[in-house]
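Here is a short note for a colleague opening this entry for the first time. Please read the points with the structure in view.

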Amino acid sequence: MMKLAFVETKLLTREPGALFSLLIPLFILVVFGSSIEPGDTVLLPMALAIAVGLVALYMLPTTLATYRERGILRRLSVTPVRPGNLLAVQLLLLLVLALAACGLLLAVAGTVLGARLPAGGLPAALVFILGTASMFAVGLLIAALAPNGRSANGIGVLLYFPMAYLAGLMQPVHLMPDMLIRIGEFTPLGAFAQSMREVWAGGAPSPLLLGVMAAYALAVSLAAAKFFRWE
Amino acid sequence: MAVIEVTDLRKRYADLTVLDGVSFSVEEGEIFGILGPNGTGKTTTVECVEGLRRPDGGSIRVLGLDPVEDARRVREQIGVQLQQTQLPENIKVWEALDLYASFYAAPRDWRELLEEWGLADKRNARFGKLSGGQKQRLFIALALVGNPRVAFLDELTTGLDPQARRATWELIKQVRAGGVTVVLVSHFMDEVEELCDRVAVFNRGRVVAIDTPAGLAGGEHRMRFTVMTGEMTGVEGLPGVTGVSREGNRMVVTGTGDFATAVTAHLARHQVLVSDLRIDKRTLEDAFTALTGRSFD
């Protein structure tokens, strides 16, 4: 199990997509960061949501569906190791990748750009956990339903853009119609981004948004588990 | 001792019967062939034996264990090369062997396998950069890294060039020499004839014959020649002759054992002059056609 985790980590570092997931949100942060006021509360939560969204919708489905397509899960089922171990290792690694991307953003934004960091660590952590769980669940469902790695990648990217739009990650929220904002709050990425904005603004995340994320995390991951095929 | 015993195995998918009462047993130390055209249940049978699929009926014993109930103990002792599996593009040859070795309680030293399978100089190459033959050798090495008692090899030379196929055959013989029982799934006649001690011939979800390749082909040979001068009579009664057919002056005599010597001596005695004399062996391919009523491929 340790060796599996070690080898998978090495494989992840050889994957250009992993580097992209780290660098794209950082790039966005730095480009827009040059024009923010000190104490900005908008840009950093946005970059964090983009980072988690990329890992969950781009990296996760592609990796898992490719593993199934290439028969790697099937090959593992004829060894004494269960293929479920590989899934667990992958989820853990991608979680670490999402954490690393967010840590990088927080570090750069907090030091160089002087953006505001949230005062309450606990609400921020809770939002991060629920948001990541709901997004990973969506990624898992794509991995479960996609026939192969390429279509998983396509579905992930295709789903990412409308979700990012509704979540207010592609334009400032105050420029969006109220209707869209309301709809966005009922998507996992939208609830995640909105509750992070609330935390950054110094308030507590609204229970409705937390509930939305928890519901997605639970329902969608159950659906993913039901539809997942090992081969 | 039988290492694998399959009795009356049945499997259906929806309303398609894939296996319709398959039975055979594999003895320790042999290379056992599973032969048949595509879509006759070979791979399904092997996947049931490996515990990848749950049969609808019948029983399977692998090393005395049930491959579904005692999955873990069976998997410790078998090595599998599956059809159409790949590895991650970016994994290095040594990493794959090292990783798969870590799955087993008592693995072989993977460095030895690198040498044996001619992969030592590809040790640090990534899987995606290997040639077809190198990938195939890596898959076989991975099937052996757990130090298995039984190795399952499914269509292992598909897609290889003739030279690489010959080389792979030699290596499979070495695997058996190392004491590993080999179950070889193939739709290549020549491969089965070259390698297998015994063969089960599959057709439409059933085993239609189990024998040695020579036994399946039968001891029968065929002699063809053209009669130039003289009248040929009395060949039917010669020892070993099983059939005579004539088309104009073209003759076909089939028989077993030393019948050809008897026929030529007979012809000489009766001053029959022949030309274009040829003797062919009946092949496994002929036997297959006779058994299944369809030609191969």
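1. Start with a side-chain pair. The side chain of A:Q194 makes a polar contact with the side chain of A:R197, at 3.1 Å. Bear in mind that this comes from a predicted model.

2. Where does A:Q194 lie? Its place is helix α9 of chain A, which covers residues 188-200. Leaving out residues up to four places away in sequence, A:Q194 touches A:E185 and A:L209.

3. Is A:Q194 buried or exposed? The relative accessibility of A:Q194 is 15%. The cut-off for buried is under 20%, so A:Q194 counts as buried.

4. Now step back to the whole of chain A. There are 10 helices and 0 strands. Read from the N terminus, the elements of chain A run α-α-α-α-α-α-α-α-α-α.

5. Next, the extent of chain A. Along its principal axes, the C-alpha trace spans about 55 × 35 × 30 Å. Of the 231 residues in chain A, 52% are buried.

6. Contacts in chain A deserve a look too. Take those with a separation of 6 or more: 77% of them join residues 24 or more positions apart.

7. Then the surface and the charges. Chain A has an accessible surface of about 10100 Å², and carbon and sulfur atoms hold 75% of that surface. Chain A carries 14 positive and 9 negative charges.

8. Turn to chain B and its backbone. Most residues other than glycine have a negative phi. B:A14 is not a glycine, yet its phi is positive, about 50°. B:A14 sits in the loop between β1 (2-13) and β2 (16-27) of chain B. With a relative accessible area of 74%, B:A14 is exposed; the cut-off for exposed is over 50%.

9. What is the phi of B:N147? The angle is positive, about 55°, although B:N147 is not a glycine. The loop that holds B:N147 runs between α5 (132-144) and β6 (150-154) of chain B. B:N147 has 45% relative accessibility, so this residue counts as partly exposed.

Conventions: Residues are numbered from 1 along each chain as its sequence is written. Chains are lettered from A and ligands numbered from 1 in the order in which they are written. This is a predicted model: local features need pLDDT of at least 70, side-chain atom pairs count only at pLDDT 80 or more; totals for chains, interfaces and linings use all residues. Side-chain values use heavy atoms; hydrogens and water are left out. Helices (H or I, at least four residues) and strands (E, at least two) are DSSP runs, numbered from the N terminus. Buried means under 20% relative accessible area, exposed over 50%, partly exposed in between (1.4 Å probe, protein chains only). Contact means heavy atoms within 4.5 Å. Accessible areas come from the Shrake-Rupley method with a 1.4 Å probe; for residues, only the protein chains shown count as cover. Lys and Arg count as positive and Asp and Glu as negative; His and the chain ends are not counted. The place of a charge is taken as NZ of Lys, CZ of Arg, CG of Asp or CD of Glu. A polar contact is a pair of N or O atoms within 3.5 Å; within protein, one must be able to donate a hydrogen and the other to accept it, and residues adjacent in sequence count only if both atoms are side-chain atoms.
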